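This report describes one protein chain in plain terms. Look at the sequence and the 3D structure first, then read on.

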Amino acid sequence: MKFQRDAEQQVKRETDMGFLWTVTGLWALLLSFGISAAFHEGGLFGLAVMLVGWGPLGLLIWFVFNRATKREAAHAAMLNEAGVQPSSGCDHTEKGAGIAINKQAKTLTMLINGFWKTYPYADVRGWETRKERAGEVVGVGLAAGTAALGANFRAERAAAANTGLFVTVKDVENPKWRIEMRDDGIQARWMEILRQEINES
């Protein structure tokens, strides 16, 4: 389904961001060695080398802050619609995904990538938590090391997609939600919240 594909694409983008951070950081570091020599050649040439070296890293930092601002706004809008007070202990957000429970209205609201939906307790079919760790491939030599790096990124992406709180609901369009939740303690807390609220209330 489109919704699940979008969630899987989000996991892929998050994993790729780590790779992008590494590449741009190394690029900036590498060109930094030439910046001081470039400034001896002339001010404009040195400035150009510095911009080429540090420009991509600066753009990446701007992108990360901009995305964080958008995620915070989406989470605040979701909480407002769900009728849940921020920091009340009835919500969780992580990497653009979120969950909120309104104990008075007996509803569960979930958020992924700026899209959220509210369900009454009766429409929640089940939930589970999973935590998967990626294996590691080790390569000897430049070619094998490069291939191993790619394999490790793919394994990390697959493990991230299988980690979190998974909630199934009575919804043909969006039957399964994956809420980003890496910490074991937070996973256990939300399992207990859902058991107490949906099973026992």
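## Terms and basis

A residue is called buried if its relative accessible area is under 20%, exposed if over 50%, and partly exposed in between, with a 1.4 Å probe and counting protein chains only. By this rule, buried residues make up 34% of the 201 residues in the protein chain.

The model is predicted, so local features need pLDDT of at least 70 and side-chain atom pairs count only at pLDDT 80 or more, while totals for chains, interfaces and linings use all residues. Residues are numbered from 1 along each chain as its sequence is written, and side-chain values use heavy atoms, with hydrogens and water left out.

## The chain as a whole

Helices (H or I, at least four residues) and strands (E, at least two) are DSSP runs, numbered from the N terminus. The protein chain has 4 helices and 7 strands. Their pattern along the sequence is α-α-β-β-β-β-β-α-β-β-α.

Accessible areas come from the Shrake-Rupley method with a 1.4 Å probe; for residues, only the protein chains shown count as cover. The protein chain has an accessible surface of about 11,800 Å², and 61% of this surface belongs to carbon and sulfur atoms. A contact means heavy atoms within 4.5 Å. Among contacts in the protein chain between residues at least 6 apart in sequence, 60% join residues at least 24 apart.

Two strands pair if DSSP finds at least two bridges between them. Strand β1 (residues 91-94) is joined to β2 by 4 bridges, and the two run antiparallel. E94 stands opposite A97 in β2. The two strands β1 and β2 form a hairpin with 2 residues between them, and K95 in the turn has a positive phi of about 50°. A second hairpin is formed by β2 and β3, with 4 residues between them; here K106 in the turn has a positive phi of about 55°. The pairing of β2 and β3 is antiparallel, over 6 bridges, and I99 has M110 in β3 as its bridge partner.

Why is β2 largely enclosed by the rest of the structure? In β2, 6 of the 6 residues are buried, so the strand is largely enclosed. In a regular strand the side chains alternate between the two faces of the sheet. Both faces of β2 are covered: A97, I99 and I101 are buried on one side, and G98, A100 and N102 are buried on the other.

## The sheet β5-β6-β7

An open sheet is formed by 3 strands in the order β5-β6-β7, with antiparallel pairing. The edge strands, β5 (124-130) and β7 (176-179), each pair on one side only. From one strand to the next, the twist averages 20°. Angles run from 0 to 180 degrees between N-to-C directions, and axes are lines fitted to C-alpha atoms, for helices over the stretch in contact. Helix α4 (residues 184-199) lies across β5 and β6 and runs at about 165° to β5.

Antiparallel β5 and β6 are joined by 6 bridges. Strand β6 (residues 164-169) also pairs with β7 in the antiparallel sense, over 4 bridges, and a hairpin of 6 residues joins β6 to β7. Across this pair, F166 has R178 as its bridge partner in β7, and V167 stands opposite W177. In β6, 5 of the 6 residues are buried, so this strand is largely enclosed by the rest of the structure.

## V124

V124 lies in strand β5 and has V169 in β6 as its bridge partner. Is V124 buried or exposed? V124 is buried, because its relative accessible area is 10%. Leaving out residues up to four places away in sequence, V124 touches L108, V167, T168, V169 and I198. V124 and D171 are 47 residues apart in sequence, and their C-alpha atoms are 9.2 Å apart in space.

## The nonpolar core

A nonpolar core is a set of buried Ala, Val, Leu, Ile, Met, Phe, Trp, Tyr and Cys residues joined through side-chain atoms within 4.5 Å. The largest one has 29 residues, and M110 and L165 have the most contacts inside it. The elements that give two or more residues to this core are α2 (43-82), β2 (97-102), β3 (107-112), β5, β6, β7 and α4. Of these, α4 gives the most, with 5 residues.

Not counting residues up to four places away in sequence, M110 touches residues including M78, I99, V167 and W177.
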